[in-house]
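Keep the sequence at hand as the residues come up.

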Amino acid sequence: MEIKAIRGFNDILPDEIGKWQFVEKTAREIFEGFGFSEIRIPILERTELFSRGIGEATDIVEKEMYTFTDRGGNSLTLRPEATASMARAYLEHQMYSFDPVAKLYSMGPMFRYERPQKGRYRQFYQIDAEVFGVGNPMVDAEVIIMLIHFLGRVGLENLELQINTLGCRECRPRYREELKRFFEGKSGQLCEDCQRRLHSNPLRIFDCKVETCKEAIQDAPRVTDFICPDCQKHFDQVKDYLAMSGLAYILNPRLVRGLDYYTRTAFEVVSYSLGAQNAVTGGGRYDNLFQEIGGLDVPGIGFAVGVERLISLLSKEKEFVQHPQLFVAALGEEGYKEAYRVVNLLHLQGIRAELDYERKSLKSQMRRADKLKAHYALILGEEELKKGKVVLRNMENKSQEEIPIDGIVNVLKEKIVSD
Ligand code: AMP
């Protein structure tokens, strides 16, 4: 039987990879410009990092983690997100001892055992950016500005920035209690999952997509009516800084984040061009995460962009596939030798050149050049070669010219690069 990839795990094929490289390159350029540095973290971590960091009563930890026991008897988990690992690395390497402020970004695959559907996979990619060590609302706004700038630079349109505050350790418990009381009154309307959430994590009910739960949510108390003066002040300042930068946003009091560690500012960017899974990115402040995993009191804020969703929104007009800059077609023994020599020299100069390995007819070689969408074709015919000449054909406008074989690499390089 043919072996296929696991459900929810995707191949990213060469004809799509141009988009990925473009997105990753743009993220690097923009984030580095905002003072962020890349960090690469392992894909596998101790399960504890996520159960303590993300929180036991979250969907991720309860039912979505790829957890297994290794040969040494350790419980390990394929990372479902990157923030906890980045925070662990900051603590483990005492990055704070050099400078308490760390601006970090990372990109790579995450793993969650969710029901695969369009825009939702079991291995998916995220681009993460985090700032550790600053509690000031200036940074909340700065991170959001960087995110929106990035999404704009990759060309996304029809986006909406939604923000909310989730309160802090002081004020959230009171809100939780209030929510619990409210939903207990509506428990007949809640789905099985939300019945459970009602006791473990009532805020999660806001994320439920079941119709009756969505109705129950309508008149639920709003977190903004319960936050303490400090959280209120923080939120007002974030809004002021965003307004100062001219960023439009929508206040969404129903916006909660799925992970326990979030405090205060929460945000999401949704796209009206996506279907049900319309969140391109989500993030927020998490001032309790570090205490959960390492005992230090370090504030943090960041976001994770879902790369598959972002890529599905890229302009259809923009060309991302790389075609050969030159196809070298040859005839006869001498022609093939010369083609091989020229192509190798071009490769060393970084020119994407392709040739025929099968000794096909000239017609079939040119057909392949067309199919590969080569910009130019170089034709090494026996007769021309005897005269020390080759033919260069512009595949787009079909014009062609005879050029001397002597010094051909330099001529081609100049022509192709200047094109
Ligand atoms: P989260 O870490 O859940 O806040 O997710 C951040 C972003 O990652 C979301 O806005 C999505 O764009 C993306 N994302 C989360 N889960 C998945 C998934 N299972 N498949 C594809 N993208 C996802």
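A residue counts as buried when its relative accessible area is under 20%, as exposed when that value is over 50%, and as partly exposed in between. The model shown here is predicted.

Start with Arg88. This arginine sits in helix H4, which spans residues 83-92. Is Arg88 buried or exposed? Its relative accessible area is 18%, under the 20% limit, so Arg88 is buried. Which residues does Arg88 touch, apart from those up to four places away in sequence? They are Pro42, Glu45, Leu49 and Ile293.

With a relative accessibility of 12%, Asp59 is buried. Its side chain has a polar partner: the side chain of Arg197, at 3.0 Å. Beyond neighbours within four places in sequence, Asp59 contacts Glu64, Arg197 and Arg204.

Now the ligand. How many residues surround it? The shell holds 15 residues, and the closest are Arg112, Glu114, Tyr121, Arg257 and Val280. By type, the shell divides into five nonpolar, five polar and five charged residues. Several polar atoms lie by the ligand's oxygen atoms. In the side chain of Arg112, an N or O atom is 2.8 Å from a ligand oxygen. For Gln126, a polar side-chain atom lies 3.1 Å from an oxygen of the ligand. Ala279 uses its backbone instead: an N or O atom there lies 3.1 Å from a ligand oxygen. How much of the ligand does the protein cover? On its own the ligand has 480 Å² of accessible area, and the protein covers 91% of that. Strand S10 gives the most, with four residues.

Turn to the cysteines. How many disulfides does the structure hold? The count is zero. Cys194 is in no disulfide, and its nearest cysteine sulfur, on Cys208, is 3.6 Å away. Cys194 is buried, at 0% relative accessibility. Cys213 is likewise in no disulfide; the sulfur of Cys191 is the nearest, 3.7 Å away. Cys213 is buried too, with a relative accessible area of 0%.

Next comes helix H13, residues 362-371. Which of its residues are buried? Ser364, Gln365, Met366 and Ala369 are. What covers these buried residues of H13? The cover includes strand S12 (326-330), helix H12 (332-348), strand S14 (376-380) and strand S15 (389-394). After H13 comes Lys373, with a positive phi near 60 degrees.

End at Val411. This valine lies in helix H15, residues 408-418. Its relative accessible area is 38%, so Val411 is partly exposed, between the 20% and 50% limits. How far is Val411 from Arg309? The two are 102 residues apart in sequence, and their C-alpha atoms are 43 Å apart in space.

Terms used:
Residues are numbered from 1 along each chain as its sequence is written. This is a predicted model: local features need pLDDT of at least 70, side-chain atom pairs count only at pLDDT 80 or more; totals for chains, interfaces and linings use all residues. Side-chain values use heavy atoms; hydrogens and water are left out. A disulfide is a pair of cysteine sulfur atoms within 2.5 Å. Buried means under 20% relative accessible area, exposed over 50%, partly exposed in between (1.4 Å probe, protein chains only). A residue is near a molecule or strand if one of its heavy atoms lies within 4 Å of it. A polar contact is a pair of N or O atoms within 3.5 Å; within protein, one must be able to donate a hydrogen and the other to accept it, and residues adjacent in sequence count only if both atoms are side-chain atoms. Accessible areas come from the Shrake-Rupley method with a 1.4 Å probe; for residues, only the protein chains shown count as cover. Helices (H or I, at least four residues) and strands (E, at least two) are DSSP runs, numbered from the N terminus. Ala, Val, Leu, Ile, Met, Phe, Trp, Tyr, Cys and Pro count as nonpolar, Asp, Glu, Lys and Arg as charged, and the others, Gly among them, as polar. Contact means heavy atoms within 4.5 Å.
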